[in-house]
Amino acid sequence: MNTTRTRNIALFSLFSALFFATSPIFCDAVPEVEPTPEMAAPAPDVHVGMDPAAPVAVSGKQAAAPPVLQVPVNSLDALIDSAKRQLDQISAILSALSAMINNDQVSTLKDKQETLKNIAELSATIEMLRYEKFAEGHTDRLSTYLLQRLNADVIQHLTNALRGTFTGLTPYKSSIMRKLPDQAAMSIPNMQKTAAENEQKIKALLKLADCAGLRWYNHAYRKVDRFVITPCRKHSIPQRSLIGLSLAGLSFYLWRLYNENHFRNHAPDFIWNLYGEQPIPGRRRHYAGVDAAGGHFEYDEDCFVNQDRLGPVGRVEALCRRHMGSVLVASGAFALLVAKCRGEWEQSIRPWIAKKLSILDSKLKGGACLKEAQKKQGIVEDVTFNDLVGLEHVKRDFSVLVNYLENPESYDRAGLTPPKGILLVGETRTGKTYSVKALFTEVKRMLKRNGRPEEFKFYNLGASYIQSYGIDYLVRLMKKEAPCIVFIDEIDLLTLQRGRGDQAQARLSEFLQCLSGALTPDDPKNQVIIIAATNKPENLDHALRQHGRFGKEIRFELPSLEERRIFIERKIRKLSLSPMLFDVPRLARETEGMSYEALHVLINNALLNARLLGRVITRTDIEETLDNELRHIAEVDGRNVPEHERQIMAAHLAGKAVALTKLDAHTKLAKVTIKPVMSRIVEQLSGVELIEKDRFKQKPRFEPGGVFVHNTNDTLAVQSSDEKRRLCKYLLAGDASEELLTGSCGYSCSQGMENALPIALSITCEGLDYLKLPKHAQKERFDRAIELLDECKRQVTELLAQHRDEVEAVAKALLEKETLSAAQIEEICANLHRKVAEDVLANEQASEQEAAAA
């Protein structure tokens, strides 16, 4: 009996070990995405709500609702202000819906373009009523009542469209002006009640807008995910439950094995029925006979006297005893198979299953999660050449490539094969990746037009990915997936350059062989297009840029003035707003040097600020974000600066601002502030400041105020002699203004003379290098430059003295507001001139009256 029990325990332990070894639940966690290249380029970072990149909240977490009126409304002015705020919230909801639809986040629409058109018309109607019919100063009861009726009417129109499945928005037809209301409806208590009802309706509308485009199963699965799936994952409930059940089963089995009578008397009935009695061996039975084919068979088999009283566990145990030898052989073979296949399971099968489950999870959630599902499925965002702003040379070169891929054999036979290795060179965030995605979309559309299957695939590989998996993996990928487009971003990080060590030399040689083999396929239909991007082409070996490798080089530059204007207009129109409300030409001028991505982030941050305040984005939001993102003006200065220091800074900066407006220079004033401004960060190698201490001086993190300028047109920084002289006058105007208003200059606000000296030397040296001149020539040119600066300072002092009233007025306004725009300075000067003209006219009238009286 002891031998039997020992054998049973051994069998049970063997199967338990195999179960725990092969179960994926108890294996180490692996990423949800398989270790293969992403089939699509990463989508731009997205945001929630009004941000055009991420319109809805997911996983059951709703975005925070904008603040609404919480205090009781007691006056007519407060009532109309609350109604206008509610109208702003409605505009913000329309803007968010438009952004969702433009980013393909709403898949339930019947007609996307018609819906966008209706949203734009409704937004235009609201803006017209907001700025024309109900402008500032209209505080009568009828205007307040009509504005509340408009809010309620629009809220109801949107609620009807968003309730249930959002399939589109019908044209809005206002009915608030059909008949005049009675006096009871326009009473203060009734309008207070209407204001409170509109607030509650807006809260409900916000929730509906967050869920726009979600179907019933998306809502159901999100609740299941929130209350069931997420807690189970967080607390490892499936793993712990399986471990508990396994331990309970083992305990019951050992209980029955060692004390069957006690187990029968005290175990629950369903447990006893599951296990049953222990198998009791009987006599071996001999079987002999003739099979269906006429052959003779003969074998012996163990039998059990209590076969009918065995439960499921007992029958498995009896089966194992009956075929003990076969079970041991099969168990050993199974264990060996598991040991051999475990690596394949961990590297391929299990990640594939995890990826499919993750895609299903994202699709069931819907909304913003659909982007993640498309990314994992290899579905590239549909970006066409029409979506590219500017970049005409890129469109032309890529169009040649699309035409070649339409019929490559005809081009090859004529000897007109275009380069299939392309290197994109330019500053970061200037549209390199975006252009490659547009190329892939155009290739797919070309194949669809020609009735060919969408056989092309797109692989976006980073340099770190290639370093991890090696060049061999890249070669196998291109041979296996041809025809395809392979995009390698930041290729300079692969260190493909001679003289960087043996490892870099070997990698360069391997990469060159890879390009030579992949770009010259035997079959013209299996074309491989390799496109690489870099912002440091000097870090690439010269052999990479030869014909047959990256034979075509396309340059990307920062957007021009016109391109910035078009880009900003497109972003604003995607929100169903009018560009006329944002002074887009001025924004384009003042954002010189910003990339497309920087402009995108600028508008997105302005949208986030507007959402925090619960209203639609305005020009003020973009201006504040521009101060923070581009000009780096500190929002709050916690220092208690003495008043006399603030007066010195205001006098200094006011003089520079006024001088710039009077000098008629090509550089124009944008804004002036006495708030702290963050210093420009300069990149340098780590440790260089320890070697060259004189060159790398520690700069203060913040500078005391600043003047911000812009150019009216695109410029190459080519200046005439007169323009350089005007620039010197502008740099010296701050010191001259200090002397004019305060009586002296401490030369501590800025380094005007130091900054103007190189400009003056460039004039006096007449194009020669000052440092290469002889000593006597250096002294002569330097003295002439100092004389030139003295003359410029004298002239700008006279200019400021002629406009002293304007300088004093701007300095006084700076002390009060701390930051002034060019428009505000023009308004201050205009008001001052108007006041002077009125005083002159009044004096003339008084003189005429005195003369008449005399």
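Mentor: Let's start with helix 24 (residues 721-742), which gives the largest share of the lining of the second largest cavity, 4 residues. Helices here are DSSP runs of H or I with at least four residues, strands are E runs of at least two, and both are numbered from the N terminus. Bear in mind that this is a predicted model, where local features need pLDDT of at least 70 and side-chain atom pairs count only at pLDDT 80 or more, while totals for chains, interfaces and linings use all residues. Residues are numbered from 1 along each chain as its sequence is written, and side-chain values use heavy atoms, with hydrogens and water left out.

Trainee: Which residues line the second largest cavity?
Mentor: The lining is L660, L663, A665, T667, E723, R726, L727 and Y730. A cavity is a set of points on a 1 Å grid over the protein atoms alone where a 1.4 Å probe fits but cannot get out, and lining residues have an atom within 4 Å of a point.

Trainee: And how much space lies in the second largest cavity?
Mentor: About 50 Å³. The volume is the space filled by probe spheres set on the points, with grid points joined across faces, edges and corners. The count is 3 cavities of 30 Å³ or more.

Trainee: Switching to R646, is that one buried or exposed?
Mentor: R646 counts as buried, at 15% relative accessibility. Buried means under 20% relative accessible area, exposed over 50%, and partly exposed in between, with a 1.4 Å probe and protein chains only. R646 is in helix 22 (residues 643-662).

Trainee: What is R646 in contact with?
Mentor: V641, I674, L815 and E818, leaving aside neighbours within four places in sequence. Contact means heavy atoms within 4.5 Å. R646 also lies 9.2 Å from L814, C-alpha to C-alpha, though they are 168 residues apart in sequence.

Trainee: What about D361, what does that touch?
Mentor: Y221 and D225, not counting residues up to four places away in sequence. D361 sits in helix 11 (residues 324-365) and is buried, at 11% relative accessible area.

Trainee: Now strands 4 and 5: in which sense do they pair?
Mentor: Parallel, over 6 bridges between strand 4 (residues 457-462) and strand 5 (residues 484-489). Pairing takes at least two DSSP bridges between the strands. Y459 has V486 in strand 5 as its bridge partner.

Trainee: Last one: how many disulfides does a search of the whole structure find?
Mentor: 0, where a disulfide is a pair of cysteine sulfur atoms within 2.5 Å.

Key:
1 Å grid on protein atoms, 1.4 Å probe; cavity = no way out; pocket = protein on both sides within 12 Å on 5 of 7 lines; lining within 4 Å.
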